[in-house]
Amino acid sequence: MAKIILEIQTRGLNQYHRLESFPVTIGRALDNDIILSDNSVSPYHLRLEQDETGQIFIHNLSDENGIRLNSHKLGQQPVSAPVPSQLLLGNRKARLVSAGIPVEMTHVSRCSGIFSPLCKPLWAGMLLLLTIVSLLVNDYLDVAMQKDALFYISGLLPSLLWILLWTLLIGGVSRLVTHRWEFVPALSVVSLFTLIPLILQEAGDWLDYFFTSDSPSNWLVIGVGDFLLLPILLYAYLHWVLSQKHRHSLGIALVLSALPLGLRGMNLLDQITADSEFSSEPYYQQTLSSLNMHARPALSLEQYLKQAAEALPSQVEE
């Protein structure tokens, strides 16, 4: 007879029980053969029996939440269960499988090479230090007047608090998924999420000047930085660092990103609405590119006055 395994599905790590002698009782009571601590499971929830041919029969013993076998609710009469079968005991999922069923491929941790900064404490610390320095430099360049060091330190504290809270949140997700606290990779992901928008902003400002248009910074800062960066980093963290499946990684990344992305989307809509009604900045010509303006040498004052006089002779005084 084929050896039967009962798989109790839990978060992250499932439990497996080899069924070698029958009958087998399952429930919350401590005198069961298999004990489940889920409160939705009855003290004596079900009994498994096997006949001479190896066929498994399920006896429903629960008067509360009952049993579902392959999505069908069971009554009080014994029912034969094929192998494999899906079971639902209250809110606890389980499977009856054969010991010879193929297992999934081993998820190899890819936390090496380009992903080393996400996993090693030294690299994560250096990445955090680079992020802090970039925040200070960005604040220094944005302030027109001279300020003392305390001003910049006080401005840095909210960003540090934000990094700490997100590190705890992502580390908590890794605890739920893998039963391990992964604070170092979580800190690296949050540092990257803080550092990359600063880099994108600088690159966008340079491209805006070069192309005489604000479209590059909008695409980089708003499109990439605000809406794509967070789910991409979370997906990379879950898939390559925690070795989760593609669909699981994508689903968790989208769930965690939903609230901040939704808030940023609302702010963007408000900004677009306000810009269409009033703008504190004057509109300027955006059709010229660097190829016909910025890249050319500046005109001398004499050449400028000459061209102005030729273009608008009546407006130029002798």
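Two strands pair if DSSP finds at least two bridges between them. Strands (E, at least two residues) and helices (H or I, at least four) are DSSP runs, numbered from the N terminus. This is a predicted model: local features need pLDDT of at least 70, side-chain atom pairs count only at pLDDT 80 or more, and totals for chains, interfaces and linings use all residues. Residues are numbered from 1 along each chain as its sequence is written, and side-chain values use heavy atoms, without hydrogens and water.

Start with the pairing around β5. Strand β3 (residues 24–27) runs antiparallel to β5 (residues 46–50), with three bridges. Ile26 has Leu46 as its bridge partner in β5. Leu46 in turn has Asn60 as its bridge partner in β6. β6 covers residues 56–60 and is antiparallel to β5, with five bridges. The two form a hairpin with five residues between them. In that turn, Gly54 has a positive phi of about 95°.

Now the whole protein. It has six helices and eleven strands. Of its 318 residues, 31% are buried (under 20% relative accessible area, 1.4 Å probe, protein chains only). The accessible surface (Shrake-Rupley, 1.4 Å probe) is about 20900 Å². Carbon and sulfur atoms account for 62% of that surface.

Next, a nonpolar patch. Leu161, Leu164, Leu165, Leu168, Trp181 and Phe183 form this patch, with about 610 Å² of accessible area together. Patch residues have over 30% relative accessible area and no salt bridge, and nonpolar side chains (Val, Leu, Ile, Met, Phe, Trp, Tyr) are joined within 5 Å. A salt bridge puts a side-chain nitrogen of Lys or Arg within 4 Å of a carboxyl oxygen of Asp or Glu. Helix α2 (residues 149–178) gives the most, four residues. Trp181 sits in the loop between α2 and α3 (183–211).

Key. Buried means under 20% relative accessible area, exposed over 50%, partly exposed in between (1.4 Å probe, protein chains only). Patches are made of residues with over 30% relative accessible area and no salt bridge: like charges are joined within 9 Å, nonpolar side chains (Val, Leu, Ile, Met, Phe, Trp, Tyr) within 5 Å.
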